[in-house]
Amino acid sequence: MNALLSAAFVLSWSSGFIGAKLGSGDAPATTLLMWRFLPLALVLLAAAPLARRSWRGVGARDLARQAVIGLLSQSGYLLTVYHAIQLGVSSGTTALIDGVQPLVAGALAGPLLGRYVSGRQWLGLVLGAGGIALVTLADAGAGGGAPRWAYLVPPIGMCCLVAATFLESRSPARTAPAVAMTVHCATSAVLFTVLAAATGTAVPPADASFWGAVAWLVVLSTFGGYGLYWLILARSGVTRVNTLMFLMAPVTAVWGALMFGEPFGPRTAAGLAVCLAAVVVVHRGEPPRRPADRRKTAGAGSRDPVNLPS
C-alpha cells in the first residue's frame, strides 16, 4: 500500500472528528450534516453528465445497493459521531471507540467473506485493540462531562461502517467511485434535510466559524477521508486496510490536544506507539497473493472476496 496514500487517508479521516468538534458549538448535528451534504450533493449530481462512462451499465439494483451503503457508511456513521461529540464525548474518545472497527472487521472477514486471517494478523489486531484501550482509559479518566450512555452512541456508528464495508465487499458488480460518491452524498443529503426540517434545525447560523467547519468537512473529510477510504479498500483487503483505522484514535487524540486542549499524557503516547506497532504487524502478516489469484480476480465476475469495487 502506498505510504503517502495511507497517511493522507489517516489525516483526512481524523479531520472529520475535529471538524465535527469545530461545528458542534455553532449548530445541532442535523444542521451541520444537512449543510455539509446538500450543496455537495447538488454539485456532484450536476457533474454526473461529465462522467457518463462511469454511469454506463448502472442499474436500479446497483443504485439501491449504493443507497443502502451510503445510509450505513455515511448517514448512520456520521450522525452517531456528531451526536456523540455534541453530547460532550471528546473527539479523541469518539475516535477511540470507533477504533475497534478493525478488530470487528477482522473477526468477521473469515466467516462472512471466506478470507483467511493469519495468526500474525490476529496478533496485530489484538495488539491494536490494546493500544486503543490504553488511550481510551487515559482519555476517559480525565472526565469530559458527557453522560455515561453517550459512550454507547459511537459503537452504533462503528457497526454501521463495518456493515457497509461487508455489503460492498459482497457486491456482484464493480461501482465506479464517482457513482458511489454521488449516490452516497445524495442519499445523505435527502436524509439529513428531512431530519433537519422535521426537527426545526434546517436554518444555518450566520457565523463564519460554522461555514468554516462545513468547508473543512467537505474538503478534508468527504473528498479526502471518505473518498480515500473506498479507494484504498478497493486496492487492499478488509483486514489489512482497516488496521489503518487503529491510527485514527491516537492521531485524533494528538490533534484534539493541540486544537482543543483535550488530555494527552503518557498513557496516550503509549497507546499511539502500540497502535503503530499493530499496523506494522498486520501488514507484514498478510500472505502475498499468488499470480493465479491476481489473474482470477482480474476476470469478469470473479473477485477477491475482501477487495471492494474501485
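What share of the contacts in the chain with a separation of 6 or more comes from residues 24 or more positions apart? The share is 90%. The model is a predicted one. The points below go from the whole chain to single residues.

1. **Overall make-up.** The chain has 14 helices and zero strands. Read along the sequence, the pattern is α-α-α-α-α-α-α-α-α-α-α-α-α-α.

2. **Burial and surface.** The chain has 310 residues, and 48% of them count as buried. Its accessible surface is about 13,400 Å². Carbon and sulfur atoms hold 69% of that surface.

3. Look next at helix H5, residues 91-98. Eight of its eight residues are buried, so the helix is largely enclosed by the rest of the structure.

4. **H2 against H4.** Two packed helices are described by the angle between their axes and the distance between the axes. For helix H2 (residues 29-47) and helix H4 (residues 60-87), the axes cross at roughly 140° and come within 9 Å. That angle makes H2 oblique to H4. An angle has to be over 145 degrees to count as roughly antiparallel. The crossing of H2 and H4 is right-handed.

5. **Who meets whom in H2 and H4.** From H2 come Ala29, Leu32, Leu33, Arg36 and Phe37. They meet Gln74, Leu78, Leu79, Tyr82, His83 and Gln86 in H4. By class, the residues of this contact divide into seven nonpolar, three polar and one charged. An α-helix has 3.6 residues a turn, so residues three or four places apart point the same way. Keep that in mind when reading the residue numbers on each helix.

6. **H8 against H10.** Helix H8 spans residues 153-169 and helix H10 spans residues 208-235. Their axes lie 12 Å apart and the packing angle is about 45°. H8 and H10 are therefore oblique to each other. Their crossing is right-handed. On the H8 side, the contact is made by Leu161, Ala164, Thr165 and Glu168. On the H10 side, Tyr229, Trp230 and Leu233 take part. The contact of H8 with H10 has five nonpolar residues, one polar and one charged.

7. **Ser24.** Where does Ser24 sit? Ser24 is in helix H1, which covers residues 3-24. Its relative accessible area is 21%, so Ser24 is partly exposed. The cut-off for buried is under 20%. Not counting residues up to four places away in sequence, Ser24 touches Leu32, Ile85 and Gln86. The C-alpha atoms of Ser24 and His83 are separated by 8.7 Å, and the two residues are 59 residues apart along the chain.

8. **Thr187.** Is Thr187 buried or exposed? Thr187 counts as buried because its relative accessibility is 16%. The residue lies in helix H9, residues 177-199. Leaving aside neighbours within four places in sequence, Thr187 is in contact with Ala67 and Leu71. Helix H4 covers residues 60-87, so both partners fall within H4 by their numbers.

Notes: Residues are numbered from 1 along each chain as its sequence is written. This is a predicted model: local features need pLDDT of at least 70, side-chain atom pairs count only at pLDDT 80 or more; totals for chains, interfaces and linings use all residues. Side-chain values use heavy atoms; hydrogens and water are left out. Helices (H or I, at least four residues) and strands (E, at least two) are DSSP runs, numbered from the N terminus. Buried means under 20% relative accessible area, exposed over 50%, partly exposed in between (1.4 Å probe, protein chains only). Contact means heavy atoms within 4.5 Å. Axes are lines fitted to C-alpha atoms, for helices over the stretch in contact, and angles run from 0 to 180 degrees between N-to-C directions. Angles under 35 degrees count as roughly parallel, over 145 as roughly antiparallel, 65 to 115 as roughly perpendicular and the rest as oblique. A crossing is left-handed if the near helix is turned anticlockwise from the far one by less than a right angle, and right-handed if clockwise. Ala, Val, Leu, Ile, Met, Phe, Trp, Tyr, Cys and Pro count as nonpolar, Asp, Glu, Lys and Arg as charged, and the others, Gly among them, as polar. Accessible areas come from the Shrake-Rupley method with a 1.4 Å probe; for residues, only the protein chains shown count as cover.
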